[in-house]
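Student: Could we go through this structure together, one topic at a time?
Tutor: Gladly, let us look at it first.

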Amino acid sequence: MSRLPKKDVVIVGLGWTGSIMAHELAMAGLDVVAIERGPWRDTAADYNIGTAPDELRYAVRQDIFLRPAQDTQTARNSPDQMALPIRKYGSYLPGNGVGGAGVHWNGHTWRFFPSDFRLRSHYVERYGAGIIPEDCTVQDWPVSYDELEPHYDFFEKVNGTSGKAGNLKGAIQPGGNPFEGWRSDEYPTRPLSPNLAQTMFQKAATDLGMHPFPLPSGNISEAYTNPYGVRLAPCTYCGFCEWFGCANYSKASPLTCVMPALVRQPNFEARTLCEVTRVNTTPDGKMATGVTYVDADGREWEQPADLVLLCAYALFNVRLLMVSKIGAQYDPASNTGTLGRNYAYQTNAGSVGYFSKDTNFNSFAGAGSLGMMADDYNGDNFDHTGLSFIGGANINCTTTNARPIRTHPTQPGAPKWGSAWKRSMVDTVNHYQSVGTQGSSMAYRDCYLDLDPTYTDRLGRPLMRMTFDFKENDLKMSRHVVDKTAEIVRAMGAEKVTTSYKKGPWSVVPYQTTHNTGGAVMSSTPRDGVVNRYTQHWDVPNLFVAGACLFPQNAGYNPTGTVGALTYWALEAIKNHYLKNPGEALVQA
Amino acid sequence: MMRSTILAATLLAATAMATAAKADPDNFTEVQRGRYLATAGDCMGCHIGPDGKSLAGGNLLETPFGKISVPNITPDNETGIGHWSAQDFYEAMHEGKRPGGTHLYPAFPYTAFTKMPRADTDAIYAYLRAQEGVTNRVDRDTLPFPFNIRLLMAGWNWLNFTPGAFRPDPQKSAAYNRGAYLVEGPAHCGLCHTPRNFMGGDKDGEHLQGGALQGWFAPSITANKRLGIGAWSEAEIVDYLRSGHTERGAASGPMGEVVAYSTSRMTGEDLRAIATYLRERGAAGAAAPQPVAAGDARMQAGAAIYEDSCAACHTRDGSGVAGMFPRLADNQLVQQPDPAGILHVVLQGSQSVPTPQAVTAPAMPSLRWRLTDQQVADVATFIRNSWGNAAAAVTTDQVKAMREATAGIAMPQRH
């Protein structure tokens, strides 16, 4: 192993959180190196408009995602099962390369509700302690919505997020989401243009007493220059968004929003195709000394640094802590340890409406975040009295795409093959629309992450083991909200409606969502989590962790907005406090 | 005693330093002035070394007469200009001659640099001397016969070159005269933007009216509104030169390099002076031809291709996206008599230049693989004759020639 000259900061992973950390700390004058296990990526060269809209390459063959041969997890539904490796990523698709999952995301850019940040206290105060299910380990966040608000705001300004405010400094705004937390400012750009489906949804949901509003979108509606001087161009509704890199400079991503400014900084360096294998610590384990990584030729390097930032995807940050033996592994039997605890996911389901032949949705003109939403059944926006569950889900009517290879809808009951199948597909393809829900996922004592006792990766490190299933509370919640989607689809005028409820057990095969959360939870005491409220490791003060692994449980929203806000929140603490007293804990344990 | 020994040693060291030093600390201002003039002259554009940061040369410049290798102008004694005196340097700049009297080729724009006064060439000399010497031996004899006979340049100079000096116009403002000096002297804009005669000299009477180079066409920069910068405001010209991007479009290709190495690093005052000169020195160029009729079959085919392959970024009405995707309506580049610029960009693709003021550098993809010669000709004809544009129709022969000229690496380079 070769030891390299010391840097001020080493960053593991160059996606959203890594690029933002790198840019802000390089601007603050620090010498920063980011180590990324995937390839270098750049909009102009890699997502060229001439080649980017390639469904076979990107959606079917999953060109830009992590390959299981490089790293995967083992999975099981409960601790009494034997976990087996995921040999083809399905349920979720981790990103890879510069930009990370921020390249292929759909751009849904949410703020969690103020009540989400004090989830346990909120439900107990309003409904009594009995509403929290047994073995449900949900907890309050150690940071409040009010504290995060300026950082949500800045992340949206970096993204150029398109949307309509519903709550400006406490004043409810027509056309926006009346349930959202207060906003200090309007969205940076106007909402995308709704299509026929969204217009119909808006009317139907309003008629049913709900409060529809446009989805806050990372697909930008108009030309925009962000605070880093980076430019975005208006979305063209090309329908090649999720699972694709954007060729039009229209989707907010690390590549479009941060990297063009970051690469100009002389005190920043990126090393790609280099996989960090562990975080190194002093013999007493009290300080990080840097990281060890393996380059594309299999050579091992030690990169010493004063400050280590874990900015890989949620699952990989947790695993890196585990293989580096930093922190105590959570054990559900003894209920000890914190690392790997409170792993959560997302509870999604919905309804599909089949409309008359003169209702042409033209869904091929879509965008990752083109949607109309209703939050009337999300969070605690509705009375949970007597419902015997906590949590909620957003209701969404989105048009992401109708790409030719994988879009083959048929009428309910149609044959699965042959000429009748083809006829049904022709009859259906432009006349159907789904209305979905994206539901919260609570934390439970036996849903967690640890190291697999059997399987190892290509470098001989144990794979991470995921133990997860959908629990009764979340299934009940989902059923309650999915029933609302059926009502909406009917009110939109569908001739037929099919409704699919979320069912257990969780399967790794069908794609569900890449919203894996928890495992390195932020907490107000070291007993309940891995990092403190500033995302600083409780045991190792020069180690900070970013990403959705910090979430104590997951809300009824996509995580990226909150991940971005937490990154700027952490940066504020690092720049204004930590760097003035390096090596000091920002919160006394 | 001890003290005086130390003093003597220090003096000795100082003397040794002065001999070895590349820059006399006393001439700091001279070196800085030289650095700025070298930036305005875009020395780096041609003389950039294999290390990507020195002026160690080695590039091969494509010319109609063959490839000319660019010399090493770092102060390396063996392979650079370490042995040159300030007088040698002045003669090279002013007369196009190397020490000893051999002729330089006018790919080195002594035809423009001749307007620079001795004080300015001395400043550049001081700056060049202050750089690290880089050993990089460059083969100076890459041109084919008969152009490899440097003595021929004596005849060329007799026909095409008069050593001279810059003469300010007393009727004009200081800004105009500063701009004129920069454009006609160090910045040597005419080397690309003036058409060449058969010998590679300036075409008489067509100064700054646009010229072909390296598979591109450097557009007219006279004050002609259709073809030149006549419709550009001063702020637009300054923005373009400083950031590489305006609401009209972006610098790419050879001009992208000029912006990157030169104009983006010049002062706002000088950029405004350049704009003043270009806007005030007069318009020239052919009157607009009758546009090709919208009903023409080539226009209709081109419109369909435009809708499919171009409109998503450049928009249906050709207005583009400010600072990102060039506006094609009322675009000077696409209406040049020579369509090389538009054909180059369509066939090879191109990326604008990132600058500190505009860090995003959007790319136009290469459409070479998916459009036939006829389709490229039709879409170019359509763009050249829509939304108020007017220019001659493009032929498939022109497309074919450009396809051959740009064969090789498509831009952007990775797929």
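**Two helices of chain B**

Tutor: In chain B, the axes of helix 2 (residues 28-40) and helix 6 (residues 118-129) come within 7 Å and cross at roughly 100 degrees; axes are lines fitted to C-alpha atoms, for helices over the stretch in contact, with angles from 0 to 180 degrees between N-to-C directions, and helices are DSSP runs (H or I, at least four residues) numbered from the N terminus. This is a predicted model, in which local features need pLDDT of at least 70 and side-chain atom pairs pLDDT 80 or more, while totals for chains, interfaces and linings use all residues. Residues are numbered from 1 along each chain as its sequence is written, and chains are lettered from A and ligands numbered from 1 in the order in which they are written.

Student: How is helix 2 of chain B oriented relative to helix 6 of chain B?
Tutor: Helix 2 of chain B is roughly perpendicular to helix 6 of chain B, a term for angles of 65 to 115 degrees.

Student: Which residues make the contact?
Tutor: Among them are B:Glu30 and B:Arg33 of helix 2 of chain B, and B:Asp120 and B:Tyr125 of helix 6 of chain B, where contact means C-beta atoms, placed from the backbone, within 7 Å.

Student: New topic: how is chain B divided into domains?
Tutor: Chain B has domain 1 (24-137 + 147-155), domain 2 (174-280) and domain 3 (297-405), with bounds from an automatic or database domain assignment.

Student: How many residues does the contact between domain 2 and domain 3 of chain B take?
Tutor: Domain 2 of chain B gives 25 residues and domain 3 of chain B gives 22.

Student: And how many residues of chain B are in contact with chain A?
Tutor: There are 22 residues of chain B in contact with 20 residues of chain A.

Methods: Two residues are in contact if their C-beta atoms, placed from the backbone, lie within 7 Å. Angles under 35 degrees count as roughly parallel, over 145 as roughly antiparallel, 65 to 115 as roughly perpendicular and the rest as oblique.
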